[in-house]
Amino acid sequence: MTPHLTHEQLCDFILDPPPQCALSTAHLAACPACKAELATLSASLRHFQEASRSFAERELARRPAVIELPRRRSLMAVPAYLAAAALFLGAVFIPLRLHRPGASAPPPSPVAAVPASVQTTESDEAFLNEINQDIAASVPSPMEPLADPTSDAAGTTSNQGNSQ
Amino acid sequence: MLPALDQAPPVETPFDDITSVYSVYEQRIFRFLLLSIRDRDVALSLTQDTFLRAWLSRSSFRGDCSIYTWLMRIAVNLLRDHTRTQKFRFWRNTAATAIDVSEIAEYVPNSESSAESRLITSEQMAAIWQTVSELSTRQRNVFLLRFVEELELTDIAAVTGLPLSTVKTHLYRALAAVRARHAGGGKEAP
């Protein structure tokens, strides 16, 4: 009895269907083991092919819509874009106009502003005059002799004695 | 002003109408990429890249091979570039969209009569699926091109850029792994 087919010989029956070498074909017809092995391997590969194709077909059907090739935009899409642009511009510029500096606040009253500046000027001038007087004085005011606190009391006593 | 007489007119290629090419070959390109990389999102992205690159380089298509062979060659190159990246290697095992063996086993044809036969078929399918996942990238691509896409060996050689003898060697080794898994009851490959 001839030995079994080698792995390469068996694979050649799958990769390159007949015509094969006559010796291998004759052995395959006479050997149930090699015939069964070839049948099993062929069936497994065929099942793998069928299952793989079915699986890939289902996976392709599940693809997200964004993967599709871009199509021509419909005319209905243009007004939608224009409306979106108008809404965007309105949302940006209307608040800017409403909150423009000086537009919402009331104009300042000239009557109230002028006295404030005049008062500030007067107080500044008075302060400067006081400084000038202090500088011009021969003796600084903190070093001047204190007034006699008893002078008023003596005057009052003499007045009381004269009245009695 | 008259146009220059020596200026060659643009050559028309089948890829000028990329929409038609896409509708015809999308499913096959996606199927190959999905089964090879086993991630639906990545396969979809690479499918788009394949047709984009085909359209961008359409002027280099001279008709030496079929449209499908040319597209598949681009897909294989993109797949090789993608799997070389460190990022792919890091996320390969943690991808949320990765395909599990149990998913593919649901698509085993139920033409068998008995429940026992269907169970055996399902186990064989799972064994092949697992074996294919453990092949090298090049062996897996060659295996899928032959046994799922049913390309001739010469076309596989053209797609992968490998000699015909190397293609055969890859197929022998892949089938040896499948047979070993069968012999081991689907437990492990040699």
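Chains are lettered from A and ligands numbered from 1 in the order in which they are written, while residues are numbered from 1 along each chain as its sequence is written. Local features are described at a pLDDT of at least 70 and side-chain atom pairs at a pLDDT of 80 or more, whereas totals for chains, interfaces and linings use all residues.

The confidence of the prediction comes first. Chain B has an average pLDDT of 82, and 77% of its residues score at least 70; pLDDT is the predictor's confidence in each residue, from 0 to 100. Where pLDDT is low, the predicted coordinates should not be read in detail. For the complex, the predictor gives an ipTM of 0.81 and a pTM of 0.64.

Chain A contains six helices and zero strands, and chain B contains nine helices and zero strands. Here, helices (H or I, at least four residues) and strands (E, at least two) are DSSP runs, numbered from the N terminus. In chain A, 7% of the 164 residues count as buried; in chain B, 37% of the 190 residues do. A residue is buried if 20 or more other C-beta atoms lie within 10 Å of its own, exposed if 12 or fewer, and partly exposed in between, with the C-beta atoms placed from the backbone.

Contacts show how chain B folds back on itself. Two residues are in contact if their C-beta atoms, placed from the backbone, lie within 7 Å. Among the contacts in chain B between residues at least 6 apart in sequence, 62% join residues at least 24 apart.

One pair of helices in chain B can be followed in detail. The axes of α2(B) and α3(B), the latter spanning residues 67–84, come within 9 Å and cross at roughly 125 degrees. Such axes are lines fitted to C-alpha atoms, for helices over the stretch in contact, and the angles run from 0 to 180 degrees between N-to-C directions. The two helices α2(B) and α3(B) are therefore oblique to each other, since angles under 35 degrees count as roughly parallel, over 145 as roughly antiparallel, 65 to 115 as roughly perpendicular and the rest as oblique. Residues of α2(B) that make this contact include Leu46(B) and Arg53(B), and those of α3(B) include Ile74(B) and His82(B). By class, the contact of α2(B) with α3(B) has seven nonpolar, two polar and two charged residues. Ala, Val, Leu, Ile, Met, Phe, Trp, Tyr, Cys and Pro count as nonpolar, Asp, Glu, Lys and Arg as charged, and the others, Gly among them, as polar.

Further along chain B lies helix α8(B), residues 153–160, in which Asp155(B), Ile156(B), Ala158(B), Val159(B) and Thr160(B) are buried. These buried residues pack against α3, α7 (137–147) and α9 of chain B. Just after α8(B), Gly161(B) takes a positive phi of about 75 degrees. Helix α9 of chain B holds Thr169(B), which is partly exposed, with 15 other C-beta atoms within 10 Å. Thr169(B) and Gln139(B) are 30 residues apart in sequence and 9.1 Å apart in space, C-alpha to C-alpha.

Finally, the two chains meet in a contact that takes 28 residues from chain B and 24 residues from chain A. On the side of chain B that touches chain A, the elements giving two or more residues are α1 (18–37), α2 (40–56), α5 (101–105), α6 (115–134) and α9 (164–183). Of these, α1(B) gives the most, with seven residues. This side of chain B has 18 nonpolar, six polar and four charged residues.
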